[in-house]
Amino acid sequence: MSKISLKHSGGNVVSLNSPTSAPTSADVAFKLPNADGTNGQVLKTDGSGNLSFGEDTGGKILQVVQTVKTSFFSTTSTSSDGVEVTGLNVAITPTSSSSKILVKVSGYYGNGNDDSFATLFLARQIDSGSTDTGIAVGDARGSSTRGTMSAGLRNGGGDSSTVCRYFGCEFLDSPNTTGVCTYKVFMVVIQGTPASIGGTQNDGDANHQSYPTFITAKEVAA
């Protein structure tokens, strides 16, 4: 095993050693940059042997995109495929295929009936491809409905039309692309219709409420 040795005038040596095992396919060549970097930068590769100095971006937030839905959404659909919550989506384009996307959803669920329940799940579409509704759901278990978030009301026989319940999730996705990633929310009504997002089902007086719903996507450097 060969090495390059640099001996200091004081006698000690600093050496650059070859790999402990042979390269797997062909010879490996690295091309050094022609100038020094700045303070705090690291030596990086483009994957083809070309080295350069750049910022240490690992684990840093590179961009943040948010959609705030202030409009009310209501549905009576009990389809197992769910119905997309209109206007509750966010699009982000990763700068690198190795980046991860941290997605957060939060809002309030309302219903006009006692003992009502709904399941919400996060979905992802890349560019104009099909929408993947299984990126963050629970295991298939018997006849249970798989989802990302649960929403429900149980008002003990009172007026559930004046009650809201919070729902939310945070999911770190690895889309492995530099295409446009659009994150969406789908809803399945399990029991009690109609179901709503953005406040109470009714709005007749001050006892009823209206709230915004948020979906946020953050690109996290690998």
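Helices (H or I, at least four residues) and strands (E, at least two) are DSSP runs, numbered from the N terminus. The model is predicted: local features need pLDDT of at least 70, side-chain atom pairs count only at pLDDT 80 or more, and totals for chains, interfaces and linings use all residues. Residues are numbered from 1 along each chain as its sequence is written, and side-chain values use heavy atoms, with hydrogens and water left out.

Lys31 sits in the loop between S2 and strand S3 (42-45). Its relative accessibility is 57%, and Lys31 therefore counts as exposed. Buried means under 20% relative accessible area, exposed over 50%, and partly exposed in between (1.4 Å probe, protein chains only). Lys31 touches Gly49, Asn50 and Leu51, not counting residues up to four places away in sequence. Contact here means heavy atoms within 4.5 Å. Lys31 and Ser52 are 21 residues apart in sequence, yet 8.7 Å apart in space, C-alpha to C-alpha.

The largest pocket has a volume of about 190 Å³. Strand S1 (3-7) and strand S2 (13-17) are the elements that give two or more residues to its lining. The lining consists of Ser2, Lys3, Ile4, Leu16, Asn17, Ser18, Val28 and Phe30. On a 1 Å grid over the protein atoms alone, a cavity is a set of points where a 1.4 Å probe fits but cannot get out, whereas a pocket is an open set with protein on both sides within 12 Å along at least five of seven lines; lining residues have an atom within 4 Å of a point. Grid points are joined across faces, edges and corners, and a volume is the space filled by probe spheres set on the points. The lining residues divide into four nonpolar, three polar and one charged. Ala, Val, Leu, Ile, Met, Phe, Trp, Tyr, Cys and Pro count as nonpolar, Asp, Glu, Lys and Arg as charged, and the others, Gly among them, as polar.

Thr75 lies in strand S6 (residues 73-75). Thr75 is buried, at 9% relative accessible area. Its side chain reaches the backbone nitrogen of Ser77 at 3.0 Å. Beyond four places in sequence, Thr75 touches Val83, Met187, Val189, Pro194 and Ala195.

Arg124 belongs to strand S9 (residues 116-126). Arg124 is also buried, with a relative accessible area of 13%. A polar contact of 2.7 Å joins its side chain to that of Asp173. A polar contact is a pair of N or O atoms within 3.5 Å; within protein, one must be able to donate a hydrogen and the other to accept it, and residues adjacent in sequence count only if both atoms are side-chain atoms. Asp173 is one of the residues that Arg124 touches, and Pro175, Thr182 and Tyr183 are also among them.

Two loop residues have a positive phi. Phi of Asp127 is near 50°. Asp127 is in the loop between S9 and strand S10 (131-132), and is partly exposed at 45% relative accessibility. Phi of Asn176 is near 55°. Asn176 lies in the loop between strand S12 (164-173) and strand S13 (181-191), and is exposed at 61%. Most residues other than glycine have a negative phi.

A search of the whole structure finds zero disulfides. A disulfide is a pair of cysteine sulfur atoms within 2.5 Å. The closest cysteine sulfur to that of Cys164 is in Cys169, at 18 Å, too far for a bond. For Cys181 the closest is also in Cys169, at 16 Å, again too far. Cys164 is buried at 12% relative accessible area, and Cys181 is buried at 0%.
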